[in-house]
Structures are given as structure tokens and as C-alpha cells.
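Dear colleague,

Please find below the structure I am handing over to you. My findings follow it.

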Amino acid sequence: MFAAFGLFTAGAAVSIMHGVQQLFAPEPAADFAVAYVVLAISFVLEGASFL
């Protein structure tokens, strides 16, 4: 339980730190092809799990 809480806390801290960095120094969005492929694969796998 302590290990899970520690991993959750570390992940949350890194996520918040990365979010704050992006707010102060944003990068322009460039290529969404990889994101769309991952989204399509996730829809297929989630649909298969529902079946």
C-alpha cells in the first residue's frame, strides 16, 4: 500500500510539474497522426473487450 501511494504521488508530482512547465513555455502542436492512430487502436481494443 505504501509503495502504491508513493508511485501515485510521484506520478502526480511529475504530471503537475510538466503541466506547469507547458503553461509557461508552450510548444505549438505539430503532428496529430500518432495520436489519432493510438486513439483508433484504443477504440478497437475497448470495443473488443466489450464484446
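I begin with Phe-32, which counts as partly exposed because its relative accessibility is 45%. Please note that the model is a predicted one. Tyr-36 has a relative accessible area of 56% and is therefore exposed. With ring centres required to lie within 6.5 Å, the count comes to one aromatic pair. The rings of Phe-32 and Tyr-36 have centres 6.3 Å apart and planes at 45°, so this pair is tilted.

As to the fold, the protein chain contains two helices and zero strands. Helix 1 covers residues 2–24, and Ile-16 lies within this helix. Ile-16 counts as exposed because its relative accessibility is 58%. Together with Val-20, Leu-23 and Phe-24, Ile-16 forms a nonpolar patch on the surface. The accessible area of these residues together is about 490 Å².

The overall dimensions may also interest you. The radius of gyration of the protein chain is 16 Å, whereas a compact globule of 51 residues would have a value near 10 Å. Along the principal axes, the C-alpha atoms fill a box of roughly 40 × 35 × 10 Å.

Finally, what share of the 51 residues in the protein chain is buried? Buried residues make up 0% of them. The protein chain exposes about 4900 Å², and carbon and sulfur atoms supply 79% of that area.

With kind regards

Notes. Residues are numbered from 1 along each chain as its sequence is written. This is a predicted model: local features need pLDDT of at least 70, side-chain atom pairs count only at pLDDT 80 or more; totals for chains, interfaces and linings use all residues. Side-chain values use heavy atoms; hydrogens and water are left out. Patches are made of residues with over 30% relative accessible area and no salt bridge: like charges are joined within 9 Å, nonpolar side chains (Val, Leu, Ile, Met, Phe, Trp, Tyr) within 5 Å. Accessible areas come from the Shrake-Rupley method with a 1.4 Å probe; for residues, only the protein chains shown count as cover. A salt bridge is a side-chain nitrogen of Lys or Arg within 4 Å of a carboxyl oxygen of Asp or Glu. Helices (H or I, at least four residues) and strands (E, at least two) are DSSP runs, numbered from the N terminus. Buried means under 20% relative accessible area, exposed over 50%, partly exposed in between (1.4 Å probe, protein chains only). Rings of Phe, Tyr and Trp (its six-membered ring) pair if their centres lie within 6.5 Å; planes under 30 degrees apart count as stacked, over 60 as edge-to-face and the rest as tilted. The radius of gyration is taken over C-alpha atoms; the globule rule is 2.2 Å times the number of residues to the power 0.38.
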